[in-house]
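Visitor: I have just opened this structure and would like to be walked through it. May we begin with the aromatic rings?

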Amino acid sequence: MIARTGETWFEAHVHCIAGEIALKSPQPDTAKAEAHFEHALAVARQQQAKFWELRAATTMARLWRNQGKPHQARELLAPIYSWFTEGFDTPDLKEAKALLDELPT
């Protein structure tokens, strides 16, 4: 649909959802999920869409934490989270903060 319509506003989110599906399928595919999260990050960065970048980084950081890569997870998520100066009561920023609190400094 994105390719057909040219509407890319939700493209990063679509890739995040595809990554989550890859992780929750009967045969989880972490490599496929990671590729979707990477693509979501790239799209969000290209669009300069910090909200979508935060969501993509949070999903990737959660995957890396679960894979035993907590330092990589923090290195990805912390700079994006620190970009925000307001909205800390929103679910996305609360989720990112909670994940950062779990990760070693």
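Visitor: How many aromatic pairs are there?

Guide: The count comes to three aromatic pairs, where rings of Phe, Tyr and Trp (its six-membered ring) pair if their centres lie within 6.5 Å. One of them joins Trp 83 and Phe 84: the ring centres are 5.1 Å apart and the planes stand at 85 degrees, so this pair is edge-to-face. Planes over 60 degrees apart count as edge-to-face, under 30 as stacked, and the rest as tilted.

Visitor: And Phe 84, buried or exposed?

Guide: Phe 84 is buried, because its relative accessible area is 15%. Buried means under 20%, exposed over 50% and partly exposed in between, with a 1.4 Å probe and protein chains only.

Visitor: Before we go on, what kind of model is this?

Guide: It is a predicted model, in which local features need pLDDT of at least 70, side-chain atom pairs count only at pLDDT 80 or more, and totals for chains, interfaces and linings use all residues. Residues are numbered from 1 along each chain as its sequence is written, and side-chain values use heavy atoms, with hydrogens and water left out.

Visitor: Now the helices. Where does α5 bend?

Guide: Helix α5 bends by about 25 degrees at Leu 77, and Pro 79 follows within four residues. The bend is the angle between axes fitted to the seven residues ending at a residue and the seven starting there. Helices here are DSSP runs (H or I, at least four residues), numbered from the N terminus.

Visitor: Which residues of α5 are buried, and what do they pack against?

Guide: Ala 73, Arg 74, Leu 76, Leu 77, Ile 80 and Tyr 81 are buried in α5. The buried residues of α5 pack against α3 (30-47), α4 (50-66) and α6 (91-102).

Visitor: What about α6, which residues are buried there?

Guide: They are Asp 92, Leu 93, Ala 96, Leu 99 and Leu 100. Seen down the axis of α6, the buried residues fall within an arc of 125 degrees, so they line one face of the helix; the arc is taken from the directions from the helix axis to the C-beta atoms. On the other side of α6, Pro 91, Asp 101 and Glu 102 are exposed.

Visitor: Last topic: how many residues has the largest nonpolar core?

Guide: That core has 29 residues, and Leu 54, Met 60, Leu 76 and Leu 77 have the most contacts inside it. Such a core is a set of buried Ala, Val, Leu, Ile, Met, Phe, Trp, Tyr and Cys residues joined through side-chain atoms within 4.5 Å. Its largest share, eight residues, comes from α4.

Methods:
Helices (H or I, at least four residues) and strands (E, at least two) are DSSP runs, numbered from the N terminus. Contact means heavy atoms within 4.5 Å.
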